[in-house]
Amino acid sequence: MSARREGRAGEAGLVALEWLLVVAAPAGLAALAVVLVQRVADDTAEQFSASPARRSAAALAALEVERQARAATAANPRTATWADWQSYFAARCERLAILYTDVAVEVDTAFAWPTTAGGADSISEAALAAATEADPSGSAPQVRCNVDEPISTVAPVVPPPLPSIEDFRLAARAIADAAATLRPGDSWARWKAHFEPLCSDLAAAYAHLAINVLSHFNKPDDQPDPTAAVTQDLLDAATPAPPASGRPQIKCEADR
């Protein structure tokens, strides 16, 4: 997962110091740069989690390498030709892996001049302005410096197991139990309209089980008026069997 475009408030000082080390340190000071940058990271450990902050700093430093690669000029002897430019910025990007070795970032580096140019040709500011991370074209060079978390540290995504028939039965039982508990103000019609769809909708949630959901919530036979109030004593008498006199039906189950 790439972290190249994410930053965090409060890291500006850390990033600035690290970037100065990347830009200014010659080969003989590389080891000193690692020590100094690590010391800064240690000093800020109490302010934020070290690993995410260090990866964000690495991403910002990589973004700065790309920005300066696109802003390079032929007046700088280190970037006068395309070959010089490629060598210079590729090395700066690859050095990030050393500076951020404590968080084991992987560096993805690709700097290439336009396909119509040669390595000994002077760089073109117009061409650099059109640079992308994609492969070079006839008019645009390639500028890519990304840092990523090492693949080995990324935990595989394991999909959760599909719900079982036991899970369905628990859900159906919960609906039946709720239907057997009086809701103040319920009429038999309102009671049926509320619980019957709740049970029926389980068919979609457990479609992989290929079950037929039996959803029957019916008032007692001796309650002809669907607007009559539901009472707890009648709910206590409910069974999954078809309704009868003085007994409603509450049935939410699979047909197997």
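Asp186 sits in the loop that links helix 6 and helix 7. This is a predicted model. Asp186 counts as buried because its relative accessibility is 4%, and the cut-off for buried is under 20%.

Which residues does Asp186 contact, leaving aside its neighbours within four places in sequence? They are Trp191, Ala228, Ala229 and Val230. Take Val230: it is 44 residues from Asp186 in sequence. In space, the C-alpha atoms of Asp186 and Val230 are 5.8 Å apart.

## Aromatic pairs around Trp191

The whole structure holds 9 aromatic pairs. One of them joins Trp188 and Trp191. Their geometry is edge-to-face, with 5.2 Å between centres and 90 degrees between planes. Both residues belong to helix 7, which covers residues 188–200. Trp188 and Trp191 are about one helical turn apart because 3 residues separate them in that helix. Trp188 and Trp191 are both buried.

Trp191 also pairs with Phe217. This pair is edge-to-face as well, at 5.9 Å centre to centre and 75 degrees between the planes. What does the pair of Trp191 and Phe217 tie together? Trp191 lies in helix 7 and Phe217 in strand 3 (residues 213–218), so the pair links parts that are 26 residues apart in sequence. Trp191 has 1% relative accessibility and therefore counts as buried. Phe217, at 0% relative accessibility, also counts as buried. Trp191 is also one of the contacts of Asp186.

## A separate list: one aromatic cluster

Which residues form one aromatic cluster? Its members are Trp82, Trp85, Tyr88, Phe89 and Phe111. Helix 4 spans 82–99 and strand 1 spans 106–112.

## The largest pocket

The largest pocket has a volume of about 190 Å³. Its lining comprises 13 residues. Nearest the centre are Arg173, Ala176, Pro240, Ile250 and Lys251. Two elements each give two or more residues to the lining: helix 6 (165–179) and strand 4 (249–254).

How many lining residues are nonpolar, polar and charged? The counts are 8 nonpolar, 1 polar and 4 charged.

## Positive phi in two alanines

Ala104 is not a glycine, yet its phi is positive, at about 50 degrees. It is located in the loop between helix 4 and strand 1. Ala104 is partly exposed, with a relative accessible area of 39%.

Ala210 also has a positive phi, near 55 degrees. Its loop runs between helix 8 (202–205) and strand 3. Is Ala210 buried or exposed? Its relative accessible area is 68%, so Ala210 is exposed; the cut-off for exposed is over 50%.

## The chain as a whole

The protein chain has 9 helices and 4 strands. From the N terminus, the order of elements is α-α-α-α-β-α-β-α-α-α-β-α-β.

The chain has 256 residues, and 37% of them are buried. Among contacts with a separation of 6 or more, 71% involve residues 24 or more positions apart. The chain exposes about 13500 Å². Carbon and sulfur atoms supply 59% of that area.

How values were computed: Residues numbered from 1 in each chain as written. Predicted model: local features only at pLDDT ≥ 70, side-chain atom pairs only at ≥ 80, totals over all residues. Heavy atoms only, no water. 1 Å grid on protein atoms, 1.4 Å probe; cavity = no way out; pocket = protein on both sides within 12 Å on 5 of 7 lines; lining within 4 Å. Points joined across faces, edges and corners; volume = space filled by probe spheres on them. Nonpolar A, V, L, I, M, F, W, Y, C, P; charged D, E, K, R; others polar. Phe/Tyr/Trp six-rings, centres within 6.5 Å; stacked < 30°, edge-to-face > 60°. Buried < 20%, exposed > 50% of the residue type's maximum accessible area, 1.4 Å probe, protein only. Contact = heavy atoms within 4.5 Å. Areas by Shrake-Rupley, 256 points an atom, 1.4 Å probe, with all protein chains shown as cover.
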